[in-house]
Amino acid sequence: YYDWFWKIENKKTKAAVAGAVVLGAAGGFAAIPLTLNAFGFAAAGPAAGSTAAGWMSSIAVANGGAVAAGSTYAALQSVGMTGWIAGQSVVAGIAGSGAGIGTYFGLRKTT
């Protein structure tokens, strides 16, 4: 059932679960673009000497100088350039829900 949150009677536990969900969602939104940027998927294109640049070079060599539109590399570079990913809210929701559920069971009294 999806009503487990509303069955939590302890207000501090409910607040902790809600806070963990919010923090998890925020972390999900921030982590994806930051991680891609660390690998070199930058706003101006692949950073020179980065993992992204090396991967682009190997793709270009294998495909006659081009990176296919819609490929995994193109999608990652798009996120690196814009900071947004289609469906990122789903990823953040899953992360936030996992954090909330983990917090609930971590704070729950064991019998």
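A: **The buried face of helix H3**

In this predicted model, the buried residues of H3 are Tyr-73, Gln-77, Val-79 and Gly-80, where buried means under 20% relative accessible area, exposed over 50% and partly exposed in between, with a 1.4 Å probe and protein chains only. Seen down the helix axis, these buried residues fall within an arc of 160°, so they line one face of H3; the arc is that of the directions from the helix axis to the C-beta atoms. Helices (H or I, at least four residues) and strands (E, at least two) are DSSP runs numbered from the N terminus.

Residues are numbered from 1 along each chain as its sequence is written, and side-chain values use heavy atoms, with hydrogens and water left out. Because the model is predicted, local features need pLDDT of at least 70 and side-chain atom pairs count only at pLDDT 80 or more, while totals for chains, interfaces and linings use all residues.

The buried residues of H3 pack against helix H1 (11-38), strand E1 (41-42), strand E2 (45-46) and H2, contact being heavy atoms within 4.5 Å. Gln-77, in helix H3 (residues 72-82), is buried, with a relative accessible area of 7%, and, leaving aside residues up to four places away in sequence, it touches Phe-41, Ala-42, Gly-45 and Pro-46.

Tyr-73 is buried as well, with a relative accessible area of 4%, and ring pairs link Phe-41, Trp-55 and Tyr-73 into a cluster. Rings of Phe, Tyr and Trp (its six-membered ring) pair if their centres lie within 6.5 Å, with planes under 30 degrees apart counted as stacked, over 60 as edge-to-face and the rest as tilted; by this rule the count comes to 3 aromatic pairs. The rings of Phe-41 and Trp-55 have centres 6.3 Å apart and planes at 85°, so this pair is edge-to-face, and it links distant parts of the chain, Phe-41 in strand E1 and Trp-55 in helix H2, 14 residues apart. Phe-41 is buried at a relative accessible area of 4%, whereas Trp-55, at 35%, counts as partly exposed. The rings of Trp-55 and Tyr-73 have centres 5.2 Å apart and planes at 85°, so that pair too is edge-to-face; since Trp-55 lies in helix H2 and Tyr-73 in helix H3, the pair ties together parts that are 18 residues apart in sequence.

Just after H3, Gly-83 takes a positive phi of about 80°.
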